[in-house]
Structures are given as structure tokens and as C-alpha cells.
Amino acid sequence: MITLEATVAVKEGLHTRPAAQLAKTLKLFDSTVELKSSKGKSASAKSSVKLMLLGIKEGETVQVLIDGSDEHDAADVIRRSLSDPDFGLELSDDSGAIVQGAMPLEVEPTAVAKPAHAGIKGVSGSRGVAMGPVHVYIPEKLVATRQVIEVGEIPDELSRFRRALLQLEQRFVAAHQPAGDAARGKDRDKGDDIVRALLDVAQDEEFVGAILRGIEGQGDAAAVTLRVGAVLASTFEAMPDEYMRARAEDIRGVTRQLASILLGQQLPDLGSIREHCILVANDLSAWEFSRVPIDRVQGLVCIGGSATSHVAIMARTYGRPAVLGVPLSEADLQAAKSIVVDGDAGQVIINPTELEAAHYRGLIRAEEELRSGLARYRDLVPHTSGGRRIEVAANLGSLAEIRLAKEAGAMGVGLFRTELLFMQRPSLPNEDEQFAVYSELVAAFNPLPVVIRTLDIGGDKPVAGVEFPKEENPFLGWRGVRMCLDRPDVFRPQIKALLRASLSGNLKVMVPMISAVEEVRQVKAFIEACALELEADGVPHARFELGIMIETPAAVLQADELAAEVAFFSIGTNDLTQYVMAADRGNSQISRLYRTDNPAVKKAIELTCQAAARAGIWVGVCGEAAADHKLLQSFVEMGVTELSMSPAAILPTKKLISEL
Ligand code: PEP
Ligand code: MG
């Protein structure tokens with residue numbers, strides 16, 4: 001038995017998606033896993049609902065008891081999952097930050113003065129402004145036609161419920177087929193991620209178990225489902241944390257779907273919603289929202305919901321303004337013909353006057369102009385006024401982000417972090433599994449370049465299958481290339497997979513955490529040996545350009561020698577800043593020191609660029625600073641020719657480069 005203590009770094013704590021993801025991953029293990037909150041409440045971590053009910057917050061220290069034959073691997077997964085702020089959230093923006101499509105826009109003041117009439121205040125779920133005709137979604141209240149069944153009916157009622165569960169799953173699968181995706185709108189995979197977590201909740205033993213017990217106690221399946229759902233939703237509603245309270249909406253959405261199947265009652269069809277409308281609802285679950293053809297919806301208004309509810313997250317993901325928690329009655333909604341959703345001010349205006357409509361039309365036009373102004377840069381290859389061509393590429397961590405990067409006008413991938421592929425799994429990915437991912441990525445961007453980084457894990461982010469020693473300073477320890485060179489059994493499948501994927505397009509590979517020339521020579525020899533093995537086995541493959549990340553002061557100070565060994569440098573400003581300044585990148589107390597614009601860090605970047613220029617190789621920047629517009633000019637002046645960043649930052653950066 002292993003007992004471990006962990007501080008939960010997951011953003012907003014163990015809410016629906018992280019809980020569903022953790023429970024799902026842990027089900028792959030034989031060991032039992034019990035999680036104990038700081039308040040002493042404990043539950044099986046293999047049940048997402050039980051986990052959610054513990055109400056574990058970000059920053060809370062929990063105890064985990066793991067018992068079984070694979071307890072060590074399970075412990076690794078738990079440690080890793082709980083220490084990852086984005087665990088379970090990879091595909092969607094949960095942070096409240098504005099994602100692409102709903103970028104913060106500085107709107108020019110319009111000719112029409114703001115009308116004095118104030119709107120009805122709710123909370124902003126997603127920024128931006130929209131106005132249009134109303135599509136009201138208020139499904140009829142679901143009421144069970146009977147409460148009690150005969151003893152003899154119990155077996156049939158149990159199978160009726162199980163069939164309904166199956167049907168619910170089929171609904172989900174049918175609604176999320178690739179063909180359906182095109183019809184329903186863009187970016188669906190991100191929304192699907194949320195809905196998939198809800199499906200896990202629907203199938204969770206806590207929820208399902210309570211319903212089955214209710215039926216065994218002679219309850220009608222629909223009546224019991226509605227009752228169990230209501231009790232569970234009110235348990236969440238009573239929680240002190242706002243984020244957890246918002247999960248009640250998820251439970252109600254799942255309950256509504258299941259009960260409607262059991263009662264044979266159709267919910268209103270959101271698939272046939274009219275074009276350009278504003279969807280207004282009393283209480284819309286993320287599940288229902290996922291059925292809406294998003295291209296037809298301008299904005300969203302809800303009586304229920306909050307900024308942290310899943311509909312809000314989805315609205316932000318799709319770039320649709322949303323105001324939630326609006327104090328209106330259903331009758332008010334029914335009476336609305338047109339409506340303004342002001343996601344910036346968190347208010348709505350029902351049936352706006354001509355003056356109000358003119359004001360908002362002005363705002364919407366200004367937003368559109370700014371956005372379409374940026375859209376112009378999608379296919380543009382940006383050059384500075386001095387004629388320097390700058391590549392603006394994407395930083396990616398999974399294949400799911402490819403489309404987003406392409407839509408954002410990425411000129412390739414400047415950093416593909418392979419860590420995700422190794423995390424959240426009970427064992428290491430083998431060569432074929434890695435080959436499938438790398439070749440799909442490289443082919444998707446061909447002929448544009450794709451820079452894949454070799455594994456950069458360390459003591460702070462362990463991976464199942466690699467035993468990490470306990471280290472005093474993991475960031476100064478056995479991480480990145482240091483670990484890979486010591487563990488050929490881990491490195492070999494990755495290098496061979498990369499050599500094979502190189503046939504699919506324009507692949508470049510880079511190595512993180514280099515601090516000695518000898519490390520680069522060893523990596524090159526290792527790649528050669530892998531290529532020879534593939535050759536001997538008759539496996540098709542091709543060589544790739546090799547580069548290194550400049551992240552340590554040692555690499556900067558030996559940049560001339562390193563440049564002689566490789567085809568390019570990519571400056572990892574996140575780590576370079578922390579190592580130059582001796583300031584932990586995750587420690588907010590010393591954030592005044594952790595600054596890439598510090599003269600010492602800028603000097604390190606300049607020295608790197610000068611060495612690269614002497615050797616005639618190119619230099620990119622792939623740390624967060626690549627998207628810092630205040631640093632753009634100095635990067636370009638120093639000789640950086642590639643900037644790699646999150647997709648959302650690409651268009652504004654292309655625009656700025658063109659204006660330099
Ligand atoms: C960096 O250090 O700047 C970098 C891009 O790598 P990571 O953030 O993955 O350490
Ligand atoms: Mg780094």
C-alpha cells in the first residue's frame with residue numbers, strides 16, 4: 001500500500017472534466033485508489049461523481065491511498081495528474097481568458113452615443129457583443145407519470161434503465177461523428193471534450209448506483225432518475241465553492257437527457273435553430289449546447305449559469321458572446337423578439353430601441369472590422385519594413401490543436417511538446433504509437449516545417465515507466481536530454497519514430513535542456529545508431545534537421561561551439577529566463593526577477609543570435625516571450641527569424657511584424 005500526499009495544482013480544483021479524466025485513467029489500474037480531502041472526507045478516486053463531491057479545490061493538499069499490484073504506476077499517474085494545472089482541460093479554455101475568435105478587441109468609439117438606458121445585468125460568460133432575433137429554448141418540465149412499480153416489474157425496469165443509458169451513449173456517439181461535425185460547426189472537438197466528461201458522469205457508479213438502488217426499492221426508473229439527479233444537483237449547489245456549485249448544471253443536463261429517454265419525451269430540437277439568432281434559455285446544459293449548430297448562433301443568454309459553467313466555457317471556445325445568470329422570468333424570455341448580448345458589460349437588452357440598436361450595431365461593426373482586419377494576415381508571410389521575413393509558427397501539445405493552428409495562419413509548428421503523449425498513461429508509448437502521432441502532425445502541415453521536441457520530462461513531471469529519483473532541485477536535475485541519454489530504452493523508440501515520420505513531410509527535431517556540447521554529439525551519435533538499426537531492419541525512414549533549445553546559460557556561453565553542431569537554435573525563454581535569473585518560473589513571489597525583458601536575459605538572447613549568425617544557422621524563439629509584442633522589435637533586431645507561440649497569438653503578431 002502506498003500513501004502519498006499531493007497538493008492539487010489543477011485549475012479550479014477537481015471539477016467535472018479533471019475528475020472524469022482522473023477516474024477514467026485510474027480505472028485502467030487494478031489497485032484501489034482512495035482520495036482523502038483536507039477536511040478528512042474520502043472517496044474512491046475511480047468515481048468521477050464521488051471525486052467531484054469531495055469538492056477539492058486548487059491548492060488543497062490531499063492524501064491518496066493506493067493499494068494493489070500496480071500501485072507504483074498508479075501513484076505516478078496521480079502525482080502527475082494532480083500537479084498539472086491543465087489536467088483534464090487540454091482541449092478547452094477553462095481559464096476565463098479570451099480565446100481566439102473572442103479576442104479582446106479594443107473597439108473604436110462609434111458615432112452613435114451610448115444610450116442612457118441600462119441593460120439587465122447578469123454575468124459575462126464570454127466577451128463580445130451580438131444582437132439578433134431570439135430563439136427561445138425552454139424545454140417542458142419533465143414529470144414522471146408514476147412513482148412506484150410492482151415488485152414483479154423490477155427486473156424489467158432495471159433493464160429499461162440500462163437500455164436508456166446505452167441510448168444516451170449512442171446519442172452522444174451519433175452526435176459526435178466526424179460527418180456531423182462539419183454540419184454542426186467548427187471547433188467541435190473542444191466542446192466534445194466537455195460533453196464526453198458529462199457522459200462519464202452519467203455512467204458513473206455513484207449516479208447510476210443510486211438510481212439502480214432506487215429501482216430495486218420499487219421506484220419507477222424516470223421518477224428515480226429525476227429524484228437522484230435533483231438530490232445530486234442540490235448537493236453541488238450547496239457547496240461553498242462557486243466553481244463546484246456550477247457543476248449542478250451538468251448534473252441537471254445529464255438527468256434531463258436520461259429522463260427524457262425514459263419518459264419517451266422529445267426535448268426541443270436544437271439542431272433546427274434559425275440562422276443568426278441569439279439563443280436564450282432558462283437553463284442550458286453544455287450537453288444541449290453541444291447539439292446547437294454553432295455557426296447559426298450569434299450569442300447566448302441564460303437565466304441560469306455562471307461564468308464558470310460549462311456553457312460559458314463552450315461559448316468562449318467558440319467565440320460567442322454570452323451573458324448568464326440573467327434575472328429574467330421565462331415569460332420575459334418568451335416576450336423577447338430581439339435581444340442584445342453585451343458580453344463585455346455582462347448585460348442584455350431585450351427588444352432594444354432604435355437608438356440602442358444603432359449603438360450596438362456600431363460596436364458590432366467595429367469588432368467585425370478589427371477581426372476581419374486580422375483575418376487578412378492569415379495567409380500572409382510577414383515581412384518587416386526592412387524586408388526581413390519572419391516565420392510565425394505554432395506551439396502545440398496535441399494533434400487536436402492542428403486545426404486551430406492552421407485556422408490561425410500558423411506557418412508551421414515551431415514547438416511540438418511530446419510530453420503530453422507520455423503523460424496520462426499507465427505505460428510508455430511504444431515506437432508505433434509515437435510514429436502514428438508524429439507522422440500525422442508532419443503530414444498535416446507538409447510542406448511547412450514541423451519542429452518536434454524530444455521528451456522534456458523531469459522530477460517535477462514524472463512519467464509512468466521512468467523511475468525518477470527524489471531530487472532536491474528537480475529543475476536543476478535529471479530532466480530533458482539528461483534523462484534521455486541515460487535511458488536509451490526511452491529515447492530509442494522516440495528517435496526511431498521521428499526518423500520514420502520524417503518521410504511524411506518537413507520534420508525538424510530539437511533537443512531540450514542542452515548544457516554541454518558533448519550532449520549534442522551523443523544525441524547525434526544516438527540518432528545515427530537508430531537510423532542504422534532501421535536500415536538493417538529494412539524500415540523506411542529519412543534523416544531530419546537537428547536543432548537544440550537554448551535554455552541554459554551554459555548553452556549561451558558555448559553557443560559558437562554548439563552552432564557548429566546543429567542546423568538551428570530555438571530559444572526557450574521560459575527556462576532561459578529562470579536559469580539566467582536564478583528565479584523559479586513558477587514562483588510568483590519572485591516574479592519581479594523572472595522577466596525576459598531583464599537586460600541579463602536579453603543579453604543572453606543577443607549572444608545566442610550573434611553566435612548563430614557567425615555559423616550561418618537560423619534562430620527562433622519558442623518560449624512565452626515570442627508572443628510578447630513589447631519584445632518583438634528587439635528580437636527581430638537581434639536576428640531572430642522565427643517566433644513560435646500559442647495559435648491565438650499568431651494573427652496579432654503577424655500584423656505587428658508587418659507594421660515594424
Ligand atoms: C521554454 O523553456 O521556453 C520552452 C518553450 O519550453 P517549456 O516551456 O516546455 O519548458
Ligand atoms: Mg523549457
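## Polar contacts of ligand 1

A polar contact is here a pair of N or O atoms within 3.5 Å, and in this predicted model a polar side-chain atom of Arg417 meets that description, lying 2.7 Å from an oxygen atom of ligand 1. Arg453 likewise places a polar side-chain atom 2.8 Å from an oxygen atom of ligand 1, whereas Gly572 contributes a polar backbone atom, 3.3 Å from an oxygen atom of the ligand. Taken alone, ligand 1 would expose 280 Å², of which the protein buries 95%.

## The shell around ligand 1

Among the residues around ligand 1 are Leu415, Met549, Thr573, Asn574, Arg585, Cys622 and Gly623, and the shell as a whole divides into 5 charged, 4 polar and 3 nonpolar residues. Strand β14 (413-417) and helix α23 each supply at least two residues of this shell, with α23 giving the most, namely 3 residues.

## The magnesium site

The magnesium ion, ligand 2, is coordinated at 2.0 Å by Glu551 through OE and by Asp575 through OD. These two residues link distant parts of the chain, being 24 residues apart, with Glu551 in the loop between β17 (545-550) and α21 (553-557) and Asp575 in helix α23 (residues 573-581).

Glu551 counts as buried because its relative accessibility is 2%, under the 20% cut-off, and Asp575 counts as buried because its relative accessibility is 2%.

Notes:
Residues numbered from 1 in each chain as written. Chains lettered and ligands numbered in written order. Predicted model: local features only at pLDDT ≥ 70, side-chain atom pairs only at ≥ 80, totals over all residues. Heavy atoms only, no water. Donors = N, O, S within 2.8 Å, 3.2 Å for Na, K, Ca; no water. Helix = DSSP H or I, 4+ residues; strand = E, 2+ residues; numbered from the N terminus. Buried < 20%, exposed > 50% of the residue type's maximum accessible area, 1.4 Å probe, protein only. Near = heavy atom within 4 Å. Polar contact = N/O pair within 3.5 Å; in protein donor to acceptor, adjacent residues only side chain to side chain. Areas by Shrake-Rupley, 256 points an atom, 1.4 Å probe, with all protein chains shown as cover. Nonpolar A, V, L, I, M, F, W, Y, C, P; charged D, E, K, R; others polar.
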